[in-house]
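This briefing goes through one protein chain and its ligand, topic by topic. Please keep the sequence and the structure at hand while reading.

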Amino acid sequence: MIVAEQKPLAEIRALVGDAKRVLVVGCGTCVTVCFAGGAKEAGVLGSLLRMGAQLDGNVKDVSEVTVQRQCEREYLDGIREQVEQADAVLSLGCGIGVQAIAEQFPNAIVVPGLNTSFLGKPAAHGEWVERCAACGNCLLGVTGGICPIARCAKQLLNGPCGGSSKGKCEVGTGDSKPDCAWQLIYDKLKAQDRLHLITEVAPPKDWRTSRDGGPRRIVREDLKLPSTGGQK
Ligand code: SF4
Ligand code: SF4
C-alpha cells in the first residue's frame, strides 16, 4: 500500500488560499487504510477549513467527497461536476491521486493535502513501515524476502556494511535505530539453509529500471482494449 501523512493544517490552509468554494476529495483505498485521506479525514478536514475560515471572517463553501480510487479515471468521472464548480480541489489522495485529478480536469486548481511517504505495510496499530522502493527489478527471491533497497540505509546489494552492530543499522540513534537489513537477510537465509545465496557476489544493479530521470511506464499489450479514440 501507499503510505501517506496529512500535511500540517497551516500548510493546507495556505495552499487553499483565498478559494471560496473548496472541494475536499478523499480516496477510499491506501490512504483510508493509513488514516490519512479517507472519508473520515476528508470530513474532519472540511470542518476545520470551514471553522478556520469563519474565525478569519472569510467564509468558505467547503464540501467533501470520497471516491474509491483517485488514481482511476472511472471514479473521477463521477465527481466532474463538483470539481468544475470548485475554485480549489484539495486532494487527500497520494501524489498519484492529486496528479490524476489535475490531468483529468486541466482547468481545476488541485492542491495536495497529504505528503506521500512510501510503499509499505502496517506494522502495528497506527504504525507503518516501508517495504519497497519500486526499483523495477525485484531481488526478493535471493534475499530471503527482505528488501535491501528499501530497508538498508545504503541500499547495499552485498551487505552488511562495517557499521552493522548487534543486528542494528549504524544509521539512527537509540530506539530509532532500525534493524540491519542485511542481518535480517543473513538470519533468514541461515534459517532456511540457503546461506549460499549471501556468499554469491551480487553484480552492480541496473538502476535504469528504478529512476532514470523520467516517469516509468508499464504497458501490457495483452490487457489493452481496442482503441475507442478516447483520451489516454
Ligand atoms: S527489490 Fe526492488 S521491487 Fe523488490 S521489494 Fe525491493 S525495491 Fe521493491
Ligand atoms: S548497517 Fe546494515 S542496514 Fe545499515 S547501512 Fe549497513 S548494511 Fe545497510
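A residue is called buried when its relative accessible area is under 20%, exposed when it is over 50%, and partly exposed in between. Gln 155, at 33% relative accessibility, therefore counts as partly exposed. The model is predicted, and the points below are grouped by topic.

**Domains**
- The protein chain is divided into domain 1, residues 2–118, and domain 2, residues 135–213.
- Taken over C-alpha atoms, the centres of domain 1 and domain 2 are 37 Å apart.

- Strand E6 covers residues 114–124 and strand E7 residues 127–132.
- E6 and E7 run antiparallel and are joined by five bridges.
- Across the pair, Gly 120 stands opposite Glu 130 of E7.
- Two residues lie between the strands of this hairpin, and Gly 126 takes a positive phi near 80 degrees.

**Ligand 1**
- The residues around ligand 1 include four cysteines, namely Cys 132, Cys 135, Cys 138 and Cys 147.
- Also around ligand 1 are Arg 131, Ala 133, Ala 134, Leu 139, Leu 140 and Ile 149.
- By class, the shell around ligand 1 holds nine nonpolar residues, one charged residue and no polar residue.

**Backbone geometry in the loops**
- Most residues other than glycine have a negative phi, and most peptide bonds are trans.
- Gln 155 is not a glycine, yet has a positive phi of about 50 degrees; Gln 155 sits in the loop between H7 and H8.
- Pro 160 is in the loop between helix H7 (148–151) and helix H8 (181–191).
- The peptide bond from Gly 159 to Pro 160 is cis, with omega near 0 degrees.
- Asp 193, also not a glycine, has a positive phi of about 55 degrees.
- Asp 193 belongs to the loop between H8 and helix H9 (196–199).
- With a relative accessible area of 69%, which is over the 50% cut-off, Asp 193 is exposed.

**Gln 70**
- Gln 70 lies in the loop between strand E3 (61–67) and helix H4 (73–77).
- Is Gln 70 buried or exposed? Gln 70 counts as buried, because its relative accessibility is 0%.
- The side chain of Gln 70 reaches the backbone oxygen of Val 25 at 2.8 Å.
- Leaving aside residues up to four places away in sequence, Gln 70 touches Val 25, Gly 26 and Cys 27, among others.
- Further contacts of Gln 70 include Leu 76, Ser 91, Leu 92, Gly 93, Gly 97, Val 98, Ala 100 and Ile 101.

Technical notes. Residues are numbered from 1 along each chain as its sequence is written. Chains are lettered from A and ligands numbered from 1 in the order in which they are written. This is a predicted model: local features need pLDDT of at least 70, side-chain atom pairs count only at pLDDT 80 or more; totals for chains, interfaces and linings use all residues. Side-chain values use heavy atoms; hydrogens and water are left out. A residue is near a molecule or strand if one of its heavy atoms lies within 4 Å of it. Ala, Val, Leu, Ile, Met, Phe, Trp, Tyr, Cys and Pro count as nonpolar, Asp, Glu, Lys and Arg as charged, and the others, Gly among them, as polar. Helices (H or I, at least four residues) and strands (E, at least two) are DSSP runs, numbered from the N terminus. Buried means under 20% relative accessible area, exposed over 50%, partly exposed in between (1.4 Å probe, protein chains only). Domain bounds come from an automatic or database domain assignment. Two strands pair if DSSP finds at least two bridges between them. A polar contact is a pair of N or O atoms within 3.5 Å; within protein, one must be able to donate a hydrogen and the other to accept it, and residues adjacent in sequence count only if both atoms are side-chain atoms. Contact means heavy atoms within 4.5 Å.
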